[in-house]
Amino acid sequence: MPRYFIDYADGSVCLQDEEGQCYQDLRAARDAAIAALPDIGREPPPADGRRAFAAYVRDEAGAVLCTVTLNMAAECHPERQSEQF
C-alpha cells in the first residue's frame, strides 16, 4: 500500500506529518484528512470567531496530491440575546 503524509495548517500554525501512514489509495488518505479536520476545529476560535483549517495529503516524494479545507465562522447577534438557542 502507498504511504501518504497528511499535514495540517491552522492559520500560521502548521503540523507536518513526518511518519506518514499507509492507505489503500489517495481517496482513503483524503477521507482520513476530512475526518480529522472537525476534531481540530473544536479548539476555541479567535476573537473574531473565524478560523480556516487545511489538510494537505502528500505522497512519499513530497508532492501535494489533495487539499482539504474547513472554514468556520461564529457570529453572535446581540439584538437576539433574549432568544433561547
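In the predicted model examined here, the N-terminal end of helix 1 is capped by Asp-25, one of whose side-chain oxygens lies 3.3 Å from the backbone nitrogen of Arg-27. Helices (H or I, at least four residues) and strands (E, at least two) are DSSP runs, numbered from the N terminus. Residues are numbered from 1 along each chain as its sequence is written, and side-chain values use heavy atoms, with hydrogens and water left out. Because the model is predicted, local features need pLDDT of at least 70 and side-chain atom pairs count only at pLDDT 80 or more, whereas totals for chains, interfaces and linings use all residues.

The 15 residues of helix 1 should span 21 Å at 1.5 Å a residue, and the end C-alpha atoms are 21 Å apart, in agreement with that value; the expected span is 1.5 Å times one less than the number of residues. The buried residues of this helix are Ala-29, Ala-33 and Leu-37, where buried means under 20% relative accessible area, exposed over 50%, and partly exposed in between (1.4 Å probe, protein chains only). Seen down the axis of helix 1, the buried residues fall within an arc of 85°, so they line one face of the helix, the arc being that of the directions from the helix axis to the C-beta atoms. Their cover includes strand 1, strand 4 and strand 5.

The largest nonpolar core comprises 12 residues, among them Ala-29, Ala-33, Leu-37, Phe-53 and Val-68; such a core is a set of buried Ala, Val, Leu, Ile, Met, Phe, Trp, Tyr and Cys residues joined through side-chain atoms within 4.5 Å. Two or more residues are given to this core by each of strand 1 (3-10), helix 1 (26-40), strand 4 (50-58) and strand 5 (64-73). With residues up to four places away in sequence left out, Val-68 touches Arg-30, Ala-33, Ile-34, Leu-37, Phe-53, Ala-54 and Ala-55, contact meaning heavy atoms within 4.5 Å.

Leu-65, in strand 5, is partly exposed, with a relative accessible area of 40%. Beyond four places in sequence, Leu-65 is in contact with Tyr-4, Leu-26, Val-57, Arg-58 and Asp-59.

As for cysteines, the structure holds zero disulfides, a disulfide being a pair of cysteine sulfur atoms within 2.5 Å. The sulfur of Cys-22 is 17 Å from the closest cysteine sulfur, that of Cys-66, which is too far for a bond. Cys-22 is partly exposed at 34% relative accessibility, whereas Cys-76 is exposed at 74%.

Definitions and conventions:
A polar contact is a pair of N or O atoms within 3.5 Å; within protein, one must be able to donate a hydrogen and the other to accept it, and residues adjacent in sequence count only if both atoms are side-chain atoms.
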